[in-house]
Number of protein chains: 2
Amino acid sequence: MSIEETIREMAQAAKRAAKVVSVLGTDKKNEALERVAQRLLDEAAAIKAENEKDLAYAREKGLSDAMIDRLTVSDAVIESMAKGLRDVIALPDPVGNVTGMCLRPNGLQVGRVRVPLGVIAMIYEARPNATIDAAGLCLKAGNAVILRGGSEALHSNTVLARLIQEALRETGIPDGAAQVVPVRDRAAVNALLAQEGCVDLVIPRGGEGLIRFVVEHSKIPVLKHFKGVCHVYVDANADLGMAEQIAYNAKVQRPGVCNAMETLLIHEAEAKAFLPKMAKRFMEAAVELRGCPKTCGIVPEAKQATEEDWPAEYLDLILAVKVVSSMDEAIEHIAKYGSAHTEAIVTSDYGRARQFLRKVDASVVLVNASTRFNDGGELGLGAEIGISTSKLHAYGPMGLEELTTTKFVVFGDGQVRT
Amino acid sequence: MSIEETIREMAQAAKRAAKVVSVLGTDKKNEALERVAQRLLDEAAAIKAENEKDLAYAREKGLSDAMIDRLTVSDAVIESMAKGLRDVIALPDPVGNVTGMCLRPNGLQVGRVRVPLGVIAMIYEARPNATIDAAGLCLKAGNAVILRGGSEALHSNTVLARLIQEALRETGIPDGAAQVVPVRDRAAVNALLAQEGCVDLVIPRGGEGLIRFVVEHSKIPVLKHFKGVCHVYVDANADLGMAEQIAYNAKVQRPGVCNAMETLLIHEAEAKAFLPKMAKRFMEAAVELRGCPKTCGIVPEAKQATEEDWPAEYLDLILAVKVVSSMDEAIEHIAKYGSAHTEAIVTSDYGRARQFLRKVDASVVLVNASTRFNDGGELGLGAEIGISTSKLHAYGPMGLEELTTTKFVVFGDGQVRT
């Protein structure tokens, strides 16, 4: 069977299974997830053995330590996958919730009911734990899912798929509800992106290159963010102690993730009071500073920033710094160079806080808090399957609810249209 | 300037204008719409003169009477466009509404606020009134809009665009907020569909061919429905008088629209009691019946349906009729041949009503009411810009709210992530 045929059959099986999963009760879905969690713990040895094959292949290919780290499935990773599933089990099921109901003048009762999206394709990099996370969230929201992880994780993902499918069958759910693409070839991704008759949504997660490839080739709607070029703007009269804590946390706490700060904007009225102390703290944390001319005048250790620095997503201990003459200049800078991901202001001014919230177009806009809070768990969604900077359907972190849609239901007594 | 350059400049102007419109107060937006309404009435003669040029061109090209009818802008059409705008003025503004607010354990207050989508491109056929309807809804929801109507309506749309832009400027709003594509060439559509850096959403309205063209060529998210193959299922023990009223209304009241019934499904227990009388009524209304063998056995006047009839969207006084042995068979038929648009059951059984609502996957599912109610006005949205059978973002009629999205706003007191 060709890759295209394999993928088409998987997509069709997923569509058939989606019909069943879409009307399952919450208990049944939770039962299946608990069986997966239990199997993960019971079969830890088998999982690690398969993962070892991937690791050997990865070492042979000379993958970076960071990539090998993400690929490794240790006992701790297995336990955290099982715990993740149990966290999802504990979340309320969005399916069937009525999000609005009204009575029309002609007596029709019109409501909207939350329903699953159908079939979701996840395309991601070589992190086996993403296979379990994504399967758990998609199934809980009543969807079927086709998982395509990075090719380096194929053995790990295949054993995880077997455990998921055994758990599904044992619960009486068709195993088409969660499938792993069984081939390394990238043609499988192209084939998957062409299944617009069966697949309702594609969610790519990973580097900008992977995501652009998916967007470019997909005939199916895609929810994604390309990158996170996040700013913290320190306003005139801000509490500078608070600003320092927030800026430090936003840059240093986990620099390699999309909600880390990449550029610090500081009002000129505070630049001299704020930057020297802030710069010292950043340099102690080995953060390289790249400043505008005014910044370099205040912080001689900073390198001169170039035009390439302002739109850069470093994902590293590097920070661009710019002195601005007003909040409006900060907002314009963000509109020009930001990525609609996460933007924060530190201010003590009520009116400017409101204006910043209103004028800045980003999936999450914060006042007096770290950009690192753009995360489904932190914002109260319980868990997240990704962050969207597209505005359609979801803008910001996507939880269970964002894996559903609503349909209209109408209760009549014989009404006709006149 | 080439067509591509023209379109790129329009898209960039729209993006700049969208920033302004997105933060306008409701009063200002309503003021602009009222100025458009007033101008339409004041300049009726100029509009009709331009429309006359389109009509002359259409007659020369030999367009059908139905198309010429849709293209014609009479005084009554102008009045109804003005009234439509005033209806939109009367609708509540969705922008700025908070759709949820919670307090996190760390004291962060997290909310979601409704914000405009940005720039919307409308691509539609030669109905000049659609230009005003779409501009009104998009602007009220805080978006900029680029309008591309059918090429036969170019003169009419150009004069309407002038009136809209004059009204915008008079209100102090950049006229990039509502623009009409000034060229007939279809290359303009391709160019528009490639402006993914500026345009956030494309809404095509018209025949299946136009919509498939847009979906095939767009790099921008598209909200659309291809067609409406809508069913009415008459259940065992249904009130047959009610069933007759609903089926008749669904087929005959306006057969040329997407929410008209195309196939009638009838439970075998009621077929003999129901079909003869129903068929007589349909035939009196000149409806051609195409039946399954059982139907033809009961109604000798019905033609034999072929496999092509079940997925057909006739948009005409033609009806496919099929006798089924159970509700499950009806649901399977709908899943196989339906278009996820509008599906209705006529039943007196509480449990089956609930099951039908749950199991049938369509944007609107009705119990004991005509399929013709799938309409934004009828379902309480106030007005609609189209119907979506895509599940992403909107499923069913789209009103003002569906022309917006939500962003997260976070109110902190210096919180950082640990």
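Here is a short exchange about the predicted model shown above.

Colleague: Before we start, how are residues numbered, and what pLDDT do local features need?

Modeller: Residues count from 1 along each chain as its sequence is written, with chains lettered from A and ligands numbered from 1 in the order in which they are written. In this predicted model, totals for chains, interfaces and linings use all residues, side-chain atom pairs count only at pLDDT 80 or more, and local features need pLDDT of at least 70.

Colleague: Thanks! Is strand 1 of chain B buried or in the open?

Modeller: Strands are DSSP runs of E with at least two residues, and helices are runs of H or I with at least four, numbered from the N terminus. A residue is buried if 20 or more other C-beta atoms, placed from the backbone, lie within 10 Å of its own, exposed if 12 or fewer, and partly exposed in between. Of the six residues of strand 1 (98-103), the number buried is zero, so the strand lies largely in the open.

Colleague: Which residue is the bridge partner of Gly100(B) in strand 2 of chain B?

Modeller: Strands pair if DSSP finds at least two bridges between them. Strand 1 of chain B and strand 2 (109-116) of chain B run antiparallel, joined by five bridges. Within strand 2, the partner of Gly100(B) is Arg112(B).

Colleague: What span does helix 7 of chain B reach?

Modeller: Helix 7 covers residues 154-170, which makes 17 residues. The expected span is 1.5 Å times one less than the number of residues. That gives an expected 24 Å, and the helix comes close to it, reaching from first C-alpha to last 24 Å.

Colleague: Which element of chain B gives the most to the side that touches chain A?

Modeller: Contact means C-beta atoms, placed from the backbone, within 7 Å. By that rule, 51 residues of chain B are in contact with 51 residues of chain A. Helix 10, helix 14, strand 13 and strand 16 of chain B each give two or more residues to this side. The one that gives the most, with 11 residues, is strand 16.

Colleague: And which residue of strand 16 of chain B is the bridge partner of Val364(A)?

Modeller: Strand 13 (364-369) of chain A runs parallel to strand 16 of chain B, and five bridges join them. For Val364(A), the partner in strand 16 is Phe408(B).

Colleague: Lastly, how far apart are the C-alpha centres of the two domains of chain A?

Modeller: Domain bounds come from an automatic or database domain assignment. Domain 1 takes in 3-224 + 394-411, and domain 2 takes in 230-378. Their C-alpha centres are separated by 35 Å.

Terms used. Contact = placed C-beta atoms within 7 Å.
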